[in-house]
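Work through the exercises below with the sequence and the 3D structure at hand. Each task is followed by its solution.

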Amino acid sequence: MFNFKHAKKSIDIIEQFLSLIDQGSLIFKDGVKNYLQGNHENFQDNLKTLSNLSSEADIKKREIENILYTQSLMPQLRGDILNLLEELNNIIDLAKTNLFEFDVEVPFIPSELNQDLIKLTELSVLAIDSLIPAARDYFVNPDSVKEKLHRVYLYEKETDKLASSIKRRVFQTIPQLKLSEKFHLRYFTLHIEILSDVAKNAADLLSIMALKRAI
Amino acid sequence: MTFALLYIVSGLYLGSLLGTNDSVNVFGSTVNLKMLNFKTAAFIASLFIILGAVFQGEGTTQTIHSLGNISEPVIAFSVALCAALVVLIMIKIKLPVSTSQAIVGGMMGWSIFIHATTDWNLLSKFILSWIFAPIIGMIVGILFFISMRWFLKRSRIHLIKLNSYLRIAMIFAIAFAAFGLGANNIGNVVGIFLNLSPDMYIDFGFFSIGGIQILFLIGGISIVIGVYSYNWQSVSDKGNGILSLAPETTVVVLAAQAVVLFLFSSSWLSNLLSSSGLPSFPLVPVSSTQIALGAVIGIGFVKGAREIEAKTLAGIGLGWITAPIGAGLLTYFILFIIHTVFQFPVSHENLQTVIKQPEIQNLAYHTPKLNMVLPGILFLSSIMILTLIYLFFRQQKLRLKAEKDILLQQNQLFQSEKAMNELEMRTFAIENESLNLKLQAKRKEFMDIALNISEQISFLEKISSGINDAIKTTDNEERIHRLTKLSLIIKQKMSFPQEKKEFYLQIEEIHKDFHLKLKTSFPDLTNLEKRLAGLLRLNLSTKEISTLLNISPKSVEVARYRLKKKMNLDKDKTLNNFINNL
């Protein structure tokens, strides 16, 4: 009736799930860097690892769903928690899809954009990195969630700014690119930038959840 | 005894209304939060309401009794009925109501009617208790809430674990609050019927209960009936209203409620405080709803948020005034009718003849004794055996269900794998078929090329030998004849009859759908017109078509005009567009 065993198990799985998302974001960053620097083998490795992490995260998420519903744990909060896990899972799914896009479409990226794109990836991944500790805190110390989430919003804003500047550079200051290449670059900038947007959505949800939990 | 039980029916009805009205404060939020299901919560609450009523109900009951010693059963019945009716009406019009206030109001109505001297000291105790109970509830709620918040912030317990701990805490809080409710509010149910307590006691072996406690037991059971007469849906709805709280707050509110009910009902605590020279709490029935709301308001103060709407507070205030006044007026009116219509002796003077002073302490522990040791043991043993059997079968059922679920899942997995394999096989078969078709087409193409080459060679050999023969011929006329013949053969060859036939066949094959539509839409087209339509579909120019059809461009134009006419096309529509969109 009190489900201490299942409670312990679900805590462990949630912890593992959050670690997977954290690792996924780092692998994504590494993958984009390797692509830009032309390390094809390393890029393929990153792709494979990220794909595995994403599948594993899916499995963990389903396991948590099963335990929370079958053992009637936290009936009043599980909806919110599962929504949060879904949002976090979206991040790693999106990271995997975006890295696959690099592999499939092989975008031509002029070397003068490399630094900017690496910076963009780092900012986007920083937004995710700041989200994970906040998500962890939601379970043990909801009062500190808000102060951790402001970093997510900051990085998301910075990512947006940098993405706009990259797009402007692509369309206005690199005339040698074909229009198709410019479009392609715009999409890939968007692919990287969107990770921070998803992190922001998760942060919004998390901040409401933390408010609900505040006693 | 049987008559006595008939008289206390109105009190028991009041008890069931109390159970309905107040049980929601005890476990409404818990059920609403889905922390416990209705069955479990109601069972725990019921058990502890009865325990509280039987073992600690005497203090408040005696206070109620001392407010007005109604010895005539019919009058007691009427007073309790009036209180119950007021409670019922207020429940129906959804006004918060306290059964304590209703019963005390009823007793005051009786007291005024018989011109009895009101014990203002005791009455003021009641009124002050009703005022202070919610305030104490608020203070206790604030203290508990601050302590819990402090503890939770420092302990950093994981939410999922905390949820399990809160479930346990809720069970204890429900039990404690239900015990307090039973102990404190049983006086409302049976307080005015004390004179009717049965003259017997029941021995359960390790404990025994006297006549008054049997009355408390019956009263407790009536409250439990009230608890169960409320269905889960209603509890859920009410939980969403006044007391829609977080699990942590629910535990605090329940604990505050339990503590305050205990303070106002524990004879032991009252004696302890009195013996220490401290002011003791009066043993007065108070409203659990008002205590709970006091606690919620207190928590709201701490959180800096208003937990209860002003409208709800106004409703409580209205109920606070309406319940006692309404019950008093109704009792007065009913007693007036009883007195004037039935000439029943309800005046104070007349009653002196029928009143017998209760001797509460002496009512208990008289014979006859009802020995319940053996039946009790048998009953408990049977319950235990039945529970064990039930648990065993439930476990088996759950195990079988789990196994069945696993098998079903495996079966589903197997089925989906099978479907996947079949799909793959089908894809492979389709791929093979298409490759075979491609292979056959290629083979045919090569055969055609080979045949064409050999035909071209034999044709050219024929021409070459013809030319040689013409060269060798000395007769000029014969040479011209032979050369003319060769020219004719070459011209015939240039019309490419075989190739054209192949070409048209292939066009028909590629545009199968188009030709089928053409045939069904315009069945009276000639072969030439069909060919023309096919060529137009390929977007060929008039000149190209004329070469392919071996006719002049002018004839092609005429044929196009005829085709357009046969297809009944308007002048503004072009034949090419129509054919391309067919």
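How much area is buried between chain A and chain B, and what percentage of that area do carbon and sulfur atoms give?

Solution. This is a predicted model, in which local features need pLDDT of at least 70 and side-chain atom pairs count only at pLDDT 80 or more, while totals for chains, interfaces and linings use all residues. Residues are numbered from 1 along each chain as its sequence is written, chains are lettered from A and ligands numbered from 1 in the order written, and side-chain values use heavy atoms, without hydrogens and water. The buried area (accessible area, 1.4 Å probe, lost by two parts on being put together, summed over both) is about 2,200 Å². Carbon and sulfur atoms give 69% of this area.

**Exercise 1.** Find the salt bridge across the interface and place its two residues.

Solution. A salt bridge needs a side-chain nitrogen of Lys or Arg within 4 Å of a carboxyl oxygen of Asp or Glu. The rule finds 1 between chain A and chain B. Its partners are Lys153(B) and Asp143(A), at 3.2 Å from N to O. Lys153(B) lies in helix H7 of chain B and Asp143(A) in the loop between H4 and H5 of chain A, so the pair joins two chains.

Note on methods:
Helix = DSSP H or I, 4+ residues; strand = E, 2+ residues; numbered from the N terminus.
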